[in-house]
Amino acid sequence: MTTRLIEDLLAASRHGELADDEILAFADEPDTGALCEVAAGIRDQGHQNTVSYSRKVFIPLTHLCRDVCHYCTFAQVPRKLKAPYLTPDEVLKIAQDGARAGCKEALFTLGDKPELRYRAAREALADMKQDSTLSYLRDMAELVFTETGLLPHLNPGLLEADDFAELRKVSVSMGIMLESASERLLEKGMPHHGSPDKVPARRFETLRLAGEAAVPFTSGILIGIGETRRERLESLLALREANRPFGHIQEIIIQNFRAKPETLMANAPEPDLNELLWTIAMARIIFGPVMNIQAPPNLSPGVLEQIVGAGINDWGGVSPVTPDFVNPEAPWPHLTNLANETRNAGKLLVERLAIYPDYAVRPDKWLDSAVAPFVRQAIDGHGFARTEEWSAGAVVTAPEGDLARVTAIARTRPSEDVGEILAKATAGDALDEAEIVRLLKARGDDFTHICQAADRVRASLVGDEVTYVVNRNINYTNICYFKCQFCAFSKGKMSENLRGRPYDLSHEEIMRRTVEAWERGASEVCLQGGIHPEYTGQTYIDICHSIKQVVPDMHIHAFSPLEVWQGAHTLGVSLEDFLGQLKEAGLGTLPGTAAEILDDEVRATLCPDKINTSQWLDVMQAAHSVGFNTTATIMYGHIERYEHVARHMLRIRALQEKTGGFTEFVILPFIHMEAPMYLKGNARKGPTFREAILIHAVARLAFNPVIKNIQASWTKLGHEGVRACLAAGVNDLGGTLMNETITRAAGASHGQETSPEEMEAIIRGLGRIPRQRSTSYGTPSELQVQRSFGARTLSEPIYTTANKYERDRRNKKDLVRPGLEGGERISGADIV
C-alpha cells in the first residue's frame with residue numbers, strides 16, 4: 001500500500017472502526033512508530049492517564065493437560081508431578097497467603113480436561129469423589145471464595161454451556177487464549193499439532209458460549225510461534241467479530257512467546273520488541289479506545305515504557321506471592337517498580353479486580369447473584385478496586401496520597417482533554433455529560449488539576465469567605481411508609497430495617513426544641529422526617545404554625561419535594577396552592593432533599609415508590625415560581641454510575657438556568673454501614689475519599705456560574721474531609737445542626753453538632769474567612785450571632801413514642817406513592 005493510504009487509514013482509525021480489509025492492509029506496514037503514536041492516542045480516549053493491574057495469587061490446580069503444545073512447560077506428565085491435583089488444603093494455603101498479601105484475585109490455571117488423557121487424573125478425581133476436573137475446579141473456586149474472599153478468575157479451557165452455568169456461580173470472570181486463529185499452526189511440525197483443544201473453531205465456540213452466559217471473558221493471541229503478521233491480524237479481527245453480539249470480551253492479551261528449555265521450541269527465535277509493539281498497536285487500532293489491551297510485564301522487562309507507548313492500558317495480574325507458573329523463568333516485577341515505570345511512561349498505575357471496571361459497575365448483567373455483592377463492595381464508582389479503609393461517616397484517617405494531591409503541585413500538565421474541559425468550565429460554559437464523566441474519572445495529576453481549577457473558580461465567584469449557618473435539625477418522625485433502599489432512619493410497619501424505637505414528636509416537643517435552638521443562637525430550624533401514613537398536608541402547615549407561635553423570627557427550612565408532593569395530594573390541591581399555604585404558615589425555604597440521583601434508571605431500584613425525577617423537578621420549579629428559594633442535593637456512592645451523577649448535575653443546572661431558585665448545591669455521600677441495601681449486598685461502600693473530594697470540585701465547575709454556593713457535609717465527611725473539600729471548590733459548611741439523627745442512624749460517627757467555634761477554627765486554619773450566615777446567605781442578627789458562641793449544653797431531646805395506629809379500611813385513602821403512579825420518567829440523555 002502507498003504511504004499516503006496508510007496515513008489516511010491511520011487518521012480514520014482515530015475516529016472510528018476500520019473495516020477488516022483496511023486492517024489487513026497494515027500487514028506489511030513497517031513503520032511501527034507511526035502505528036504506536038496513533039494507538040496511544042486511541043487508548044487515551046478510553047482510558048485516560050491510567051494503566052491498571054490486578055493483584056492476584058496464581059493457583060495451578062493441575063499441571064496435567066491433554067494437549068501437547070510445543071512451547072509449553074506448564075503441562076507435565078503424571079510421573080513428573082507429586083500429585084495430579086493440588087489438594088484442597090494446598091489450594092486454600094495459597095489463597096490465604098495471597099489474601100494476607102492484599103491480593104483480590106485468585107487465578108485458577110489448569111490443563112484442559114486431563115482425565116481424557118491420563119488414568120492418573122481419572123483415579124485422582126475418583127478418590128476425591130469428583131466427576132471431572134471442572135467439577136473439582138468449581139468446588140475449589142467456591143472454597144477459596146468462601147474462605148478468603150478472593151474473587152476467582154478461571155482459565156479451564158474449552159467449556160460447554162452447562163459448564164459456564166456452574167462455574168459462573170463461583171467466579172467473576174473466565175478466559176481462554178485464542179493464541180491464533182490460523183489452522184496452519186495445527187499441521188505436523190507446527191506448535192499446535194496434536195492439541196485437539198487448540199482447534200480455532202472449538203475455541204471460538206467457547207467464546208460464543210461465554211457471551212451467551214454473560215461471562216466477562218479474557219482472550220488474546222500468542223505471538224512469535226510461527227504465525228505471520230497477517231495471521232495475527234486475522235486472529236484479532238476474528239476476536240473482534242466474536243465480541244460483537246455480546247460485548248463480553250473484557251480484555252485482549254498480547255503475549256510474546258518465550259522459548260523454554262525442554263520443549264520442542266526451545267531453540268525457536270523469540271519475537272523482537274518491534275514485533276511486540278507492532279502487534280499491540282494494531283490490537284488497539286482494531287479494538288478501539290474502550291477495549292482493555294494487556295501485555296504481561298514480566299515477559300518484557302526493561303521496555304515497559306515502550307509497551308505503554310504502543311497502546312496498552314493494562315498489565316494483567318501481578319502476584320506478590322506466587323510465580324508465573326506458565327512462564328516460570330520470568331519473575332513478576334515488584335509493584336513499586338511497576339508503578340514507577342508506569343509513571344515514567346506518563347501514566348498512573350491503578351488496581352482493578354479480576355473483572356474489569358465497565359463490567360464490575362453492571363453486576364446485574366455480568367455476575368451471578370452469589371458473587372455480585374462482593375464485587376459491589378470491593379469497587380469504587382468507576383469499577384476499579386477499592387483500596388482504602390476510609391468511608392464516609394467513619395472515623396478513619398483519609399488516605400495520605402489523595403489528601404495530599406488536593407493541594408499538591410502537579411508534576412505534569414493535565415491530560416489534553418481534561419485541560420480543554422477545565423478551560424470550558426472556568427469560562428462558565430455548560431459542560432455536557434461526557435465531559436462531566438471524564439472529570440469524575442480523574443486520578444493522579446488530573447485529580448489535582450481539577451481540584452485546583454475548582455478552587456480558583458470558587459475564589460473568583462465568591463471570594464475567600466466560608467459560610468455556615470447556626471441551625472437545629474428537627475426530625476419530627478421516623479415512621480415512614482416509603483421503602484427507600486438506602487434509608488436506615490425510617491421505622492414503622494413497612495420499614496425494612498428497624499433500628500431504634502419508632503417516634504412521632506409532639507408539637508410541644510417541636511416548639512420546645514425551637515425555643516431552645518433560638519436561645520442557643522440558631523437562626524434556622526431544619527425540619528424533615530419520614531412520611532407518616534397519617535400525615536396530610538395540614539400536618540406540615542400545623543408544624544409551621546407551631547414554630548412561628550413560639551419564635552416568630554425563626555426561619556423555617558423544611559419539607560422536601562416528597563413531603564410537598566404528598567401534602568398537596570392529601571389535600572387535593574395543586575403544588576402551587578399547597579406551597580402558597582405553607583408560605584402563609586411561615587415556611588421560609590425548602591431543602592432539596594429526596595433528590596438522591598435524578599435519573600429514573602437509578603431511582604427504580606433506589607427509591608421506586610418515591611417521587612421520580614420529573615416530579616422532583618416539578619416541585620422545585622413550582623416552589624421557585626411562588627417565590628421560595630431551595631437547595632439542591634445529591635446522594636451518591638451507592639449504585640449509580642458516573643453518567644448518572646453527570647445527568648443529575650445537568651438537570652439541576654438546566655432548572656437553575658430557568659428559575660435561579662437554588663441557593664446552594666449540597667453533596668451527600670452515601671453512608672453504608674446500616675443502610676438496608678448495603679446490608680443486603682446491593683450497594684457499594686459509599687464513595688472513596690478521592691471520589692468524595694472530586695465530586696465537590698466537579699460540582700463547582702459544572703455549576704459555574706449559575707450556582708454560587710457548594711456545600712460539604714461535615715456529618716458525613718468529618719472535619720478532615722471538609723478541610724480537603726474547602727481546597728477543592730467548596731465555600732459552605734452547612735449547619736451546626738445541634739441534633740442529627742438521619743446520618744447517625746445510617747452508621748456515621750462524626751457527632752451531632754459542630755459548634756460555631758469549631759466551624760471558625762476549621763475555616764481560619766485554612767487561611768479563609770469565616771462568616772455566619774442566614775439560610776438565604778444574608779447576615780443573622782448580631783444578638784443571635786453572640787448567643788451562638790459559648791452556647792449552653794442542649795437538654796436531652798424527648799422522643800415521643802409513636803402510638804400504634806390502625807387505618808380504618810372503610811375510609812382508608814390510598815397512600816401516596818408518586819413513583820408508582822406513572823408520570824413522565826427521565827433517564828438516559830433526557831435532561832428536562
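Helices (H or I, at least four residues) and strands (E, at least two) are DSSP runs here, numbered from the N terminus, and two strands count as paired if DSSP finds at least two bridges between them. By that rule β1 and β2 (residues 105-110) are joined by 6 bridges and run parallel.

A word on the model itself: it is predicted, so local features need pLDDT of at least 70 and side-chain atom pairs count only at pLDDT 80 or more, while totals for chains, interfaces and linings use all residues. Residues are numbered from 1 along each chain as its sequence is written, and side-chain values use heavy atoms, with hydrogens and water left out.

Back at β1, let's look at its other partners. Strand β9 (residues 348-352) runs parallel to β1 and is joined to it by 5 bridges, with S52 opposite V350. Strand β8 (residues 314-318) is parallel to β1 too, through 3 bridges, and there R55 stands opposite V318. Of the 13 residues in β1, 12 are buried, where buried means under 20% relative accessible area, exposed over 50% and partly exposed in between (1.4 Å probe, protein chains only).

Now for the rings. Phe, Tyr and Trp (its six-membered ring) pair if their centres lie within 6.5 Å; planes under 30 degrees apart are stacked, over 60 edge-to-face, and the rest tilted. The whole structure holds 13 aromatic pairs. One of them is Y85 with Y136, edge-to-face at 5.8 Å centre to centre and 85° between the planes. This pair links distant parts of the chain, 51 residues apart: Y85 is in the loop between β1 (50-62) and α4 (88-100), and Y136 is in helix α6 (residues 133-148). Y85 is buried at 5% relative accessible area, and Y136 is buried at 1%.

F164 and F217 have ring centres 6.0 Å apart and planes at 65°, so they too are edge-to-face. F164 belongs to helix α7 (residues 161-167) and F217 to strand β5 (residues 217-223), 53 residues apart. Elsewhere, ring pairs link Y476, Y535, Y540 and F559 into a cluster.

Charges also meet rings, if NZ of Lys or CZ of Arg is within 6 Å of the ring centre and within 35 degrees of the ring normal. R352 lies over Y356, 4.0 Å from the ring centre, and K583 has its charged end over F628, 5.0 Å from the centre.
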